[in-house]
Each structure stands twice: as structure tokens, then as C-alpha cells.
Amino acid sequence: MSLVYSGVLSHAPGITGRADLCKNIEKRDEFYAKLDVQRQEIEASGAEALIVIAAEHFANFFMNNMPAFCIGIGEQYSGPIEDPEWLRIPKTDVPGAPDLGRRLTKEVMQTVDTAYAEEWKFDHGIIVPLHFLTPNYDMPIIPVNINCQGPPLTPLHRAWAFGEAIRRACNAVPEKVALVGTGGISHWPATPDSGKINEAWDREFLDRLVRQDKEALLSYTDEETYRDGGQGGFEIRTYIAAAAAAGGPLDVQFFTPDLPIFAVSCTVGRFEVT
Amino acid sequence: MSLYHLQKFLFELNRDEALQDKCRKDITGQFGGYDLTEEEAGALRDGDIGLLYVLGVNGQILMHYAAFLGIEWFDYLEMMRQGIDKYGPVRAGVYTMTGGGDAFTEEDTHK
């Protein structure tokens, strides 16, 4: 087994970009500390590369040619595409893992028709997690995208199948690989409602991950998610894929609805890899 | 179809630093090849975040564009609210306003 870590975390741009505006300093710093614990756990796992299953926000893919899934097989990436002053993350280059990425992609393709890309510009959806998890940008990254933005969206059961395929692919390589799924739970980002969340819906979703309840996780319709979790809720696909890859229950290491300036309930968790 | 082109233009702008440099000097000169209505072209020319929001530009695309324009976060939120007040509800897409114009963070002091 070469999947040595699977976890989830939030990625909202406010987490870095609006850090100074946050009034709940104690909770903010508690969140940052948990992200650092996640960094330490990934390092302790011996991971040689990190897969980031993200929900990108039109940095690379548009409705002219929108893949349901894509895996990065490039040698190097760059980001953020956003104004660095706005995101408070300087533009940087990030190493890829082209050989490993190709082998993983080849195996994933046995069951899931994923696209692949040698070019990839990171937006906040990947660079914010990396800012905390690989702050020196020295770990090879394999970016992965699930279409959570441009409807028709990737079906949840396909996100699960994709996670299982990634796991099978990881099992087939000798390298130690870590994986994180990153997204919101409920949120209404980039609208006047920014900061709005549905705490009860979030807790129920996390509980389904804790129970590793596949049937319940895949039972949300997009209409229900839009109504209860906002357009940001579509990003649950990344958590679902990470759950499928792990196979075991989620340990919710941090969850708070009390940082609305970050426009999402801030979450950190680690799955048992079984 | 024109909303598609409006968003496509912003998608390209958000990820292309060379295009960003050109747009800082002459944004209307970069519209070639994009099928934009006069209203859409005007919104881009004027940096009218409120109108772009109402026209249905995906929020993620619009948020990145607002950052490119150097608009502060709470000003950006307020521009979208003012766009609703001025132009009416969001006409397309999934980034509609559902909160009645309320602020959802204590740090947001505009409303």
C-alpha cells in the first residue's frame, strides 16, 4: 500500500488573504495550528509526493472544454493566478511529479476517463493548501481537479469512483503518496452572501464522512446541495473522492463555523487509510 | 451566447499576465474575437462589478477580476449589492444573492 495519508482541508482565499481582517484571532490561530499539524502528519508519513484533489475556479478549465476529472503530469506549476497582494501569497513555482503522475493516470484510466495536463496554473484552491502544507514548496505535487464549478457537474458517484481509482493507482506504485481533498462544505463564496454557511448541513456531511457512509455521501442531489450548501457546496466532491481513496473513517481534527471572514466553515481532517 | 464570451474574456484575462498588461492600457482594444453586447462591453470598460455580477458572471471569475482591479474585499461585496439595487436580480448562473443583501461577517460594516 503506498497511499500513506489521506486528509481534507479548507482552501478559501480569505484564509490567507483576509487573515488581517479576522477579529477572532484565537480561533484563527487555532485553525492555522491544526493545518500545521496536518503538515507534520504528511511529512511524518514519509510521503514523496502530494496529490491535491481540488475544485479549481477557472484558472485552467473553462466551458469550452471542461473535463469531469483532470490529473496534472507536468514537471512544474506556478501560482497563484490571483493578485499576490490580494491572496497574500507570493507568486511561486511548484515542482510536479511527471513520471509518477503519468503512471497514476495510466492506472486511473483503467476505470475512469480522466483528462490529464502538463500545464496547470494554481489558483487559491491549491496554493492556499500548499501555503500551509508545503510552505517551502519543495514537495512534488500532483494537482487533480474535479469539476465542481461549471454545470453539468461531475456526479458524486463518479467522484467516489475516481477516488477509488486513485487509490488503486497509488497501490500500484512503489512511491509513498499522500493525498488531500480540498474544498468548502457549505458556503456562498464570491457573492454578497460571503460568510454565510449552513453549520447543520456541514456537520451532517462531516458525520457521513466519519461514518464512511458511502450511500449517504452519494445521496445529495445538486439541487439539494445548491439549496442547502450554496454553489460552494458543490466542492464536497473533493472530500468524497478523498474518502473513497482512504477507505476508512474521517477524524475531524478541526471544524469551526466561527471564522465567517474566511467565507467557509474551516475544516481539517484525516481519514484512516485502510 | 454573449455571457459565455463575457466570461471567457475574463477567464483569459485572469490567467494571462500579458493580457492583463494590455488591458491596463486599453481593455476595449482586447475585445476582438469576443461576441459581447454593448452592455457587456461597457461593464468591462467601466470595471462595473455590480453589472458584471448581475449579468451572471461566475463569482469565482468575477472575484479574481475584482482582485486584478485592486478592489478591496468589502468594497467588492458592496459593489455586488449595489449592482442588485441598480440593475435588478442576477440574470443567469448559480452565483445569485440569497441573503437579501445582508452581511454575514461582523467585519463587514457596509450593511
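**Contacts, burial and packing**

Tutor: This is a predicted model. Leaving out residues up to four places away in sequence, G14(A) is in contact with I261(A), F262(A) and A263(A).

Student: Where does G14(A) lie?

Tutor: G14(A) is part of helix α1 of chain A, residues 14-17.

Student: Is G14(A) buried or exposed?

Tutor: G14(A) counts as buried, because 26 C-beta neighbours fall inside 10 Å and 20 or more are required for that class.

Student: What separates the C-alpha atoms of G14(A) and I141(A)?

Tutor: A distance of 23 Å separates them, and the two residues are 127 residues apart along the chain.

Student: Turning to helices, at what angle do the axes of α4(A) and α6(A) cross?

Tutor: Helix α4 (residues 98-108) and helix α6 (residues 156-171) of chain A have axes that cross at roughly 125 degrees and come within 8 Å. The two helices are therefore oblique to each other. The crossing of α4(A) past α6(A) is right-handed.

Student: Which residues make that contact?

Tutor: L104(A), E107(A) and V108(A) contribute from α4(A), while A165(A), I166(A), R168(A), A169(A) and C170(A) contribute from α6(A). By class, this contact has 6 nonpolar and 2 charged residues, with no polar ones.

Student: And how many residues does the contact take from chain A and from chain B?

Tutor: Chain A gives 27 residues and chain B gives 29 residues. On the side of chain A that touches chain B, 14 residues are nonpolar, 6 polar and 7 charged.

Methods: Residues are numbered from 1 along each chain as its sequence is written. Chains are lettered from A and ligands numbered from 1 in the order in which they are written. This is a predicted model: local features need pLDDT of at least 70, side-chain atom pairs count only at pLDDT 80 or more; totals for chains, interfaces and linings use all residues. Two residues are in contact if their C-beta atoms, placed from the backbone, lie within 7 Å. Ala, Val, Leu, Ile, Met, Phe, Trp, Tyr, Cys and Pro count as nonpolar, Asp, Glu, Lys and Arg as charged, and the others, Gly among them, as polar. Axes are lines fitted to C-alpha atoms, for helices over the stretch in contact, and angles run from 0 to 180 degrees between N-to-C directions. Helices (H or I, at least four residues) and strands (E, at least two) are DSSP runs, numbered from the N terminus. Angles under 35 degrees count as roughly parallel, over 145 as roughly antiparallel, 65 to 115 as roughly perpendicular and the rest as oblique. A crossing is left-handed if the near helix is turned anticlockwise from the far one by less than a right angle, and right-handed if clockwise. A residue is buried if 20 or more other C-beta atoms lie within 10 Å of its own, exposed if 12 or fewer, and partly exposed in between; C-beta atoms are placed from the backbone.
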